[in-house]
Amino acid sequence: MTSQTTLSSEVSEKIKDEAFDVAPNWKLVWWRFKKHRLALVSAFVLFGIILIALFPDFFSIQDPNKSSARESFMPPQGISFFHDGSFQVHVKPLKGKRNKTTLKMEWGVDEKRILPLHFFTSGYEYEVFGLFKTDLHLFGIEKPSARNSFHLLGTDRLGRDQWSRLMHGTRVSLSIGLVAVGLSIFLGILLGGISGYYGGWPDLVIQRLIEILQSLPPIPIWMALTAALPRDWTVEQTYFAITLILSLLGWTTLGREVRGRFLSLREEDFVMAAKLSGCSQSRIIFRHMLPTFTSHIIATSTLAIPVMIINETFLSFLGLGLRPPAISWGVLLQEAQNLQSIALAPWLLLPGLAVIFTVLALNILGDGLRDAADPYS
Amino acid sequence: MTNQPLLEVRDLQTVFELDEGTVRAVDGVSFNVYPGRVLGIVGESGCGKSVTIKSVLRLIEEPGRIANGAIRFRSKILGNSSAEMVDLVQLPAKSAQLRALRGNEIALIPQEPMAAFSPVHTIGNQLMEVIQLHQPVSDGEAKKIAVNRLKEVGVPNPESAIDRYSWELSGGLRQRAMIGMALTCDPLLLIADEPTTAIDVTTQAQVLSLLRKLQQEHQTSIIFITHDLGVIAQLADDVVVMYLGKVMESGPVDQIFHNPQHPYTRALLRSIPTVYTKNRSRLPTISGSIPHPFQKRTGCPFVARCQEALPEQRCANQAPALKAINEHQSVSCFLHGEEVNVS
Amino acid sequence: MSAEPTQSTLTNNALISPERLLDVKELKKYFPIRKGVFKSVVGQVRSVDGVTFHLNQGETLGLVGESGCGKTTTSRCLLRAINPTSGEIRYRQADGQLVDVTQLASDQLRPVRREMQMIFQDPFASLNPRMNLLDLVGEPLLVNGVANRKERSDRVADLLRLVGLRPEYMRRFPHAFSGGQRQRIVIARALALNPRLVVADEPVSALDVSVQAQVLNLLLDLQEQLKLTYLFVAHDLSVVRHISDRVAVMYVGRIVEMSPTDELFLAPKHPYTAALLSAVPVADPRIRSKMQPLEGDVPSPSNPPNGCHFHPRCPFATELCRQQAPDLEEVQPNHFVACHRQAELKLSGVSEPT
Ligand SMILES: Nc1ncnc2c1ncn2[C@@H]1O[C@H](COP(=O)(O)OP(=O)(O)OP(=O)(O)O)[C@@H](O)[C@H]1O
Ligand SMILES: Nc1ncnc2c1ncn2[C@@H]1O[C@H](COP(=O)(O)OP(=O)(O)OP(=O)(O)O)[C@@H](O)[C@H]1O
Ligand code: SF4
Ligand code: SF4
Ligand SMILES: [Mg+2]
Ligand SMILES: [Mg+2]
């Protein structure tokens with residue numbers, strides 16, 4: 001019997017399952033992704049940013065909305081680590097002096113005193129997800145006052161602490177990106193899937209819809225739509241409206257991709273084999289088709305988040321998106337809109353750096369994921 | 001073989017250094033190509049046939065490199081006298097000499113002619129370009145030569161075919177046009193990498209008989225690569241049998257098919273079905289499968305599947321070298337112990 | 001069987017001899033060619049254009065032909081993997097009842113499909129790379145009601161053993177296997193539901209030469225053990241000669257000759273069959289020079305020649321051939337030929353092995 005002879009030949013091979021042999025898809029993706037150093041670093045950076053978005057108050061020094069006329073336009077304060085030759089994390093307090101002729105405050109470092117920096121210290125009280133109250137903060141100084149103040153990234157026109165505002169802006173901007181992309185994914189998979197799996201007239205209708213949406217010039221459309229939002233809406237309402245607008249316009253690329261995947265997968269032998277062995281339609285879609293491109297969807301959406309973030313920033317910067325008292329990166333950058341404030345307080349541009357960092361990290365991560373996404377290619 | 005070889009490959013080693021490990025795609029390959037003869041290289045998928053000829057053409061790119069060996073070619077344009085051979089391995093990559101060699105004296109027919117033709121130029125334009133690179137002729141004359149070439153390779157209506165694009169032609173015609181282009185400069189050596197694998201049997205028969213006819217007319221030397229033993233039997237004068245980057249056996253085609261000496265050649269010939277086999281008969285098989293290229297190997301590459309492997313792990317521990325067993329035939333197997341030095 | 005056959009699916013049992021498992025009549029599959037923004041139909045690809053053949057219980061019918069002649073389309077129509085344009089596919093179920101597969105609604109199709117399985121050409125493409133062997137081979141069992149996990153894994157172990165793989169491999173994913181091993185997995189999966197008919201579409205074409213014989217032998221063994229009937233699709237005549245009891249030769253959507261294997265190879269009656277046989281490169285350098293290649297190319301099925309599809313390439317073509325398509329006729333017991341001149345032509349096949 002041949003099956004006997006072949007069996008005996010198999011015996012001579014080693015039977016031990018190698019890790020590779022029994023590795024499911026996600027593991028293969030992870031092994032490939034690990035080799036991508038830069039993407040791995042980006043993943044860590046993003047992890048930090050996400051932590052900030054989850055617990056902005058914990059990372060803040062001061063209530064982001066607390067203004068103080070006497071502390072407007074204070075420059076950033078650097079952190080020093082040694083004092084008098086011994087290790088002591090501290091900042092130097094600033095001393096303001098009004099210029100006699102211009103009547104502007106001019107800030108200088110008060111070299112005589114130091115303000116020791118404390119970690120896991122208590123500060124203003126805040127609520128965590130509406131669950132409990134705490135006053136724990138990552139760092140801060142003891143008993144801040146006008147004379148003893150600490151503003152890591154300086155203050156704005158109204159004397160609000162920019163670092164704390166940046167932390168809160170991170171939550172809003174990142175979550176708009178994530179939620180908008182989440183909605184886009186949902187729409188993209190649903191409509192793209194229908195289009196690609198069923199074909200026929202649904203396909204034609206959805207294809208035309210995508211073509212129309214893609215042929216619209218995005219910037220004027222966003223501007224028109226967001227400008228149409230009622231001025232008296234609350235911060236939350238505008239927030240959701242903006243997210244919705246971004247995702248309604250943003251799902252088309254993903255929809256196209258999903259459709260293409262479904263179209264080509266429909267012809268794949270293993271899908272045909274599943275169909276012939278009696279699998280139901282939902283099993284074919286959810287067990288055989290979707291898993292083959294989930295990693296692609298993840299990669300594509302990772303690359304879509306930065307676009308959403310930039311869109312939001314851009315809209316808010318123009319004053320068409322979120323408006324104060326909401327805090328987002330775009331709103332923060334709005335403060336740096338006129339030349340005067342840039343000249344006077346260049347640190348107001350620092351939130352721009354946050355945008356750049358986040359967008360870069362997301363893009364690198366997305367690229368890494370995309371490269372690792374298909375271990376069978 | 002009394003006359004001198006046109007191409008001498010000695011102990012060629014080509015490796016690919018990948019993240020997963022080093023692939024020794026070609027691992028000590030030696031063979032000769034004689035003027036006016038067809039050398040067939042046969043072996044299963046992944047055994048290193050394409051890498052061998054890419055090495056000869058010096059077309060190996062990162063992460064691959066030629067790690068060792070010599071590729072000596074009797075070039076008319078590079079050599080000073082007809083007796084001198086040029087070692088292609090020593091020539092700098094991308095050098096003008098190599099380019100001149102590839103264009104004039106060594107021509108390639110790739111496996112997929114679709115990729116070799118540009119889709120945006122007509123067949124005629126591409127043929128004329130090649131002709132004018134080698135001969136200082138006017139456009140009109142180049143066109144005439146091109147038409148003649150196409151006629152020679154049996155393209156019907158060459159005058160109209162010349163104005164068509166490669167993708168408008170059928171697979172067989174495209175392959176003919178490719179052969180016509182490769183022969184434009186009357187190369188000394190024609191290398192064909194599985195030129196008929198992607199096409200049908202009846203078309204394959206056309207291409208093979210065309211190649212045979214042209215070879216006899218021009219007395220070109222050919223290296224013909226295939227995994228089809230039938231094609232080898234029909235076309236080759238000499239045969240090199242490869243397995244896992246190594247030469248198992250080489251010799252004249254009649255010896256290889258009627259007096260094979262290597263266990264792999266023997267097993268392979270036994271296991272292929274032919275149109276002569278009685279129907280529903282059970283074929284002798286080669287057990288197991290080809291090892292993965294990343295797998296570390298010591299000893300004879302065929303040992304895991306060899307039915308004649310010697311006792312006491314000899315074959316597993318030591319790799320047999322390619323030895324000449326008579327004037328024409330070489331084998332790398334311990335069953336052929338008596339050492340005769342290869343020239 | 002769960003589904004009650006309707007009037008239209010019931011055919012007269014008496015007309016077909018009981019050893020017939022499958023009877024295909026005038027099967028046609030036309031694919032529309034669409035162009036333009038509105039996807040209007042501008043023509044048709046006649047991939048399968050009136051194919052008639054039958055399969056007896058326990059035999060292997062080889063279906064050969066060159067690329068694009070409609071072999072895959074024919075075999076997929078049999079299982080209704082694609083819906084034929086017209087024609088009849090009468091199948092005798094295990095209980096002896098004849099059904100016309102082309103007429104079955106999807107719920108009636110299910111029990112019939114359990115008895116027919118398919119083996120695909122490319123073992124890399126026909127196994128979902130994201131499922132391990134247990135899930136892959138066990139899937140037909142799962143979706144056909146073998147819900148118990150233990151039962152399923154026992155059955156999968158049996159199946160793996162049957163095709164010469166170790167049951168210990170059950171947790172591995174397809175990427176851990178070579179081409180030949182993967183084809184064994186595909187075979188195990190196809191056998192999971194105890195089919196009676198196995199449609200194998202070029203099951204060894206993608207395999208290394210040195211493992212082809214293993215899979216061919218396995219298919220022969222399984223056929224004897226499990227009393228299977230095969231439709232074996234291939235373009236390699238050597239493989240077909242080796243495995244088939246009877247052979248059908250296709251050319252541009254039609255069957256041109258069908259006969260017992262040895263008869264077809266030794267004494268072909270259709271000029272195309274003879275040309276095909278002479279084009280096979282013989283693995284013997286002492287039998288050379290016989291190659292007399294056929295002129296021209298295979299015509300496109302979207303625009304086939306009139307009359308006999310083979311006439312532009314046929315050395316024996318006459319005016320009649322250009323006008324009128326020959327019917328497939330039984331010219332000797334069990335030997336069917338579609339050629340106007342078959343009676344007068346003296347064609348030679350392959351010579352007997354020496
Ligand atoms: N660019 C490359 N990078 C990495 N490995 C390569 C590369 N090219 C070839 N190889 C490896 O070298 C080995 C030999 O490949 P080669 O293409 O020469 O095989 P072949 O004999 O031509 O097979 P086939 O019949 O499939 O064409 C294979 O194991 C292949 O994986
Ligand atoms: N879905 C489709 N739409 C349009 N044309 C098709 C489709 N499927 C197959 N065809 C055409 O039908 C003809 C027959 O195809 P088929 O795949 O059945 O050939 P085949 O004999 O299996 O060939 P091969 O040996 O290449 O597998 C081909 O010309 C092909 O282009
Ligand atoms: S060296 Fe040993 S294992 Fe290798 S082919 Fe010869 S007998 Fe077989
Ligand atoms: S019918 Fe005519 S053209 Fe067709 S095969 Fe017969 S002889 Fe040739
Ligand atoms: Mg190759
Ligand atoms: Mg096919």
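**Notebook: ligand shells, an interface and salt bridges**

I started at ligand 4 and found 13 residues around it, with C:Cys308, C:Cys314, C:Cys321, C:Cys339 and C:His340 the closest; a residue is near a molecule if one of its heavy atoms lies within 4 Å of it. I sorted this shell into nine nonpolar, three polar and one charged. Here Ala, Val, Leu, Ile, Met, Phe, Trp, Tyr, Cys and Pro count as nonpolar, Asp, Glu, Lys and Arg as charged, and the others, Gly among them, as polar.

I noted that the model is predicted, that local features need pLDDT of at least 70 and side-chain atom pairs pLDDT 80 or more, while totals for chains, interfaces and linings use all residues. Residues are numbered from 1 along each chain as its sequence is written, chains are lettered from A and ligands numbered from 1 in the order in which they are written, and side-chain values use heavy atoms, with hydrogens and water left out.

I checked the confidence of chain B. The average pLDDT (the predictor's confidence in each residue, from 0 to 100) is 86, and 95% of the residues score at least 70. Over residues 338–343 of chain B the pLDDT falls below 50, and this stretch has seven contacts beyond near neighbours in sequence; contact means heavy atoms within 4.5 Å.

Next I took the interface of chain A and chain C. Chain A gives 39 residues to the contact and chain C 41 residues. I found three salt bridges across it, where a salt bridge is a side-chain nitrogen of Lys or Arg within 4 Å of a carboxyl oxygen of Asp or Glu. I also noted a salt bridge between A:Arg287 and C:Asp135, with the closest N and O atoms 3.8 Å apart.

I picked B:Glu8 and B:Arg72, which pair at 3.1 Å, N to O. B:Glu8 lies in strand β1 (residues 7–18) and B:Arg72 in strand β4 (residues 64–73) of chain B, so the pair ties together parts 64 residues apart in sequence. Strands are DSSP runs of E, at least two residues, and helices runs of H or I, at least four, numbered from the N terminus. B:Glu8 is buried at 16% relative accessible area, and B:Arg72 is partly exposed at 28%. Buried means under 20%, exposed over 50%, partly exposed in between (1.4 Å probe, protein chains only).
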